Every structure is written in structure tokens, then in C-alpha cells.
Amino acid sequence: MTEIAAVPGFRPDQLHGFRIGVTNDRRSTDLIDAFERRGAQVMHAPTIHMVNAADDDPVIADTHTIIEAQPELLLATTAYGIRRWFEVADASGLGDALLAALARADILVRGPKARGGVRAAGLDDAGMSDEETTASLVDRVLERYESALTIAVQVHGQTDEAQLERLRSAGHRVLTVAPYRWQAPDAADWRVQRLIEAACSDQLDCITFTSAPAAEALLDAADEHGRRDELLDAFTDNVIPAVVGPVTAAPLIAAGLRPIQPERFRMGALVRLVCEELESRAAHGLPTAHGDLQLRGTVVRIGERAVPLTPAQLAVFRPIFRAGGAVVPRDRLSRILVGAPDDHVLDMALSRLRSVLDAPGLVSTVVKRGYRINVLDD
């Protein structure tokens, strides 16, 4: 059973009505399945892809250099990178020589997954970074090793040149190998654009990120389509940005956002946190004559009844619900629907909304002012 499948507190209706965007490529199936089994609607839009090098020659050349240099220290950053490196080395007849060279070196790992990759290769490590980041890994090197060393670094999809330069500035010789790289989606893949549109039009409740490049890529794509400010507003007001850890959070924080992140930097913990956050937000219901009123994504709960809403019905109902019993002006609702005041369109939308809610008096008209939820007094 995978870590995600083992997340406690599972209920098949736990996320019913909620809409979640998933941006990762690797292990996306696990994450999507975890959300869908809990009742969520999932929009998958990989913002960046992990791909092996189109030509293994550079990886082989770097491997030759590292074997010849006999490094005193190896920095392992990702499990996939270590596995991919040894696959290429084995296929080119360098596997045994690489293993022998690295067995003589101290090995520091960025996190538990990289440690697992190192051990799967038949090696062992001498320590792990404090914060599971490349910067923290370099901090450990600079604190522990005073004399100049030859350091081999397995870099991941986006090489952190600033951290490599810190090592060089301290007098170390730095050799790198990049077994894979990050690649933007094909121009014909419209999924990222659709994800941005859904977030900006209030059709998503949460977007998850499991890598910093994926977060950066979404912001860059929004910028490219002239919607960066809209997307940032959506994240601030309606859409929860959820990240697997602090490294992934960094680009979003730099953009002025406050993503949620679990204490334990794992996808299973991310699933649990998203469930808790969405359920917590939905738990703040309104007392009405028809029972407690809750909004769970696209579903309105009226007492024990669950009523799914269409996008148009949701567009009208959401601001009225969020007003908590206060009056929402007609012209504001009209603009939400059609971008300009239109009494006929609004009247039709309200008529359909009231019909599907089937709760007379729940959405009441305040003459010459607008509409409100008929909330019971305490």
C-alpha cells in the first residue's frame, strides 16, 4: 500500500463537491487517485515534465570525469536522479567503476528519498540536510568540511548554480552530472491554460504543487497569457495553494502568496492537509429554517441534502452565501454573470437557483437592494 493510500481518516465523500488542480507530472496518478477516491473533481495539468536527457553522451562523459577524479564527497539530491545515473552508467559499462568510486566518498543526501536512492544503489550516506533543500545541503558541507575537496554533485532538473558557486568560492572542485531535466509542456497541450482559466473564474477550490519548478512554471504561464495578477488574486481570495514542503513553497511565497504545507514533507501528508483545510472552510455554515447551510465546492448542503450546482448557479450563489446574511446588490451579481448589468439574465439565473435548491425563502429578495441568505437569528 502506498503512503497516499494509507492516509488515515478516509471517507469516500470527504471531498465531495470540491475541485482540485494537480500540477505534478511524476506520481500524479497517485495524487489524483487519492483525491478522487475521496469524492473530489480533479483537473490535471502538468506544468512541467521530468524527462531523461535526449542524449546520454553528456551523462556518460560526466560519469567518466567523476570516476577519474575519485571525489571525496558526493551530494545526492534526488532518488530518481541517482537511479537514472546508475542506469546510464550500467548500460555503458561504467556501473561497477562508478560504484567503486562513490564507495570511497562521503555521501550527503538532500532528503529521505535521495537516501533511499543511494541505498538502493548499494551505498550508504554520511548525513542528510537539515531542511531537505540544496541550500541546506551545501550549508552542511561548508560547516563540516574545512579543507578543499573534489565534490561530485548529482543535480536535478533545474541546476541551482548559486549553490554550486558557494562550493567553488569555498575552494572546492565541483563536478556535476545531470541525469534528467525539466521540460515545459508541448505548445499543443492546453491543460495549463485551462487550469489558469478555471482558477481565475472561481472554478477550483485548491491547486497542489509538489515541486518548485512546477509552481514557477504555472506563474510563468499565467504571465505569458497576461493573467498573472488574476491568478494571484484567485490564490489570495478563493483558491488554496497547497505545497508539499518549503522548497516548493518558495516561488509562491516570493510572489506574495501564503501556501499551506504539511509539517511532514510527503504527498500523503499533503492529501491529509488539503482534506482538513477544505473541510474546515466548508464547516462554517449558516443556520437557516431549512437546516445548516454549507458550501462545499460545487455542492450546497442544506441540512442533510446535497445539491450540486452548475457553474452559473454557483456564480450567483457563492457571493450571496459568503455575505453571511448581508445583502448582495443586484448589479454586482449581474456583473459576475455577464460582465455588465442585465436584469433578465440575473432573474433567470436566480429562478433556476431557487428551483434547484428547493428551499422556499432560503434566498430572499430585499426590495430595491438585492439578495441575501435568510439566516436564523441566534
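For the classes used here, Ala, Val, Leu, Ile, Met, Phe, Trp, Tyr, Cys and Pro count as nonpolar, Asp, Glu, Lys and Arg as charged, and the others, Gly among them, as polar. The model is predicted. A search of the whole structure finds 1 cavity of 30 Å³ or more. The volume of the largest cavity is about 60 Å³. Its lining consists of 10 residues, and Thr 77, Thr 134, Val 155, His 156 and Asp 160 are the closest to its centre. By class, 3 of the lining residues are nonpolar, 6 are polar and 1 is charged.

An open sheet of 5 strands has the order E6-E5-E4-E7-E8, with parallel pairing. Its edges are strand E6 (127-128) and strand E8 (173-177). Each has a single partner strand, so one side of each is left without a neighbour in the sheet. Within this sheet, strand E4 (residues 73-76) and strand E5 (residues 106-109) run parallel and are joined by 4 bridges. Ala 76 stands opposite Val 109 in E5.

Helix H6 lies across E4, E5, E6 and strand E7 (150-154). Its direction makes about 145° with that of E5. H6 (residues 134-144) also meets helix H7 (residues 161-169). The two axes come within 9 Å and cross at roughly 5°. Angles under 35 degrees count as roughly parallel, so H6 is roughly parallel to H7. On the H6 side, the contact is made by Thr 134, Ala 135, Val 138, Asp 139, Val 141 and Leu 142. H7 contributes Gln 163, Arg 166 and Leu 167. By class, this contact has 5 nonpolar, 2 polar and 2 charged residues.

A second open sheet has 4 strands in the order E2-E1-E10-E11. Its pairing is also parallel. Strand E2 (41-44) and strand E11 (240-243) stand at the edges. Each pairs with a single strand, so one side of each has no neighbour in the sheet. From one strand to the next, the twist averages 25°. Strand E1 (residues 19-22) pairs with strand E10 (residues 206-209) in the parallel sense over 3 bridges. In this pair, Val 22 stands opposite Thr 208 in E10.

Two helices accompany this sheet. Helix H11 (residues 246-254) lies across E10 and E11 and runs at about 145° to E11. Helix H12 (residues 267-282) packs on the sheet and touches E1, E10 and E11. The direction of H12 makes about 160° with that of E11.

The largest pocket has a volume of about 1100 Å³. It is lined by 44 residues. Nearest its centre lie Thr 78, Arg 110, Thr 210, Ser 211 and Thr 248. At least two lining residues come from each of helix H3 (79-91), helix H5 (112-120), H6, strand E9 (180-183), helix H9 (212-224) and H11. H11 supplies the largest share, 5 residues. The lining comprises 19 nonpolar, 14 polar and 11 charged residues.

Thr 365 stands opposite Tyr 371 in E18. E17 and E18 form a hairpin, with 3 residues between them. In the turn, Lys 368 has a positive phi of about 65°.

Terms used
Residues numbered from 1 in each chain as written. Predicted model: local features only at pLDDT ≥ 70, side-chain atom pairs only at ≥ 80, totals over all residues. Heavy atoms only, no water. Pairing = 2+ DSSP bridges. Axes fitted to C-alpha atoms, helices over the stretch in contact; angles between N-to-C directions. Contact = heavy atoms within 4.5 Å. Parallel < 35°, antiparallel > 145°, perpendicular 65-115°, else oblique. 1 Å grid on protein atoms, 1.4 Å probe; cavity = no way out; pocket = protein on both sides within 12 Å on 5 of 7 lines; lining within 4 Å. Points joined across faces, edges and corners; volume = space filled by probe spheres on them.
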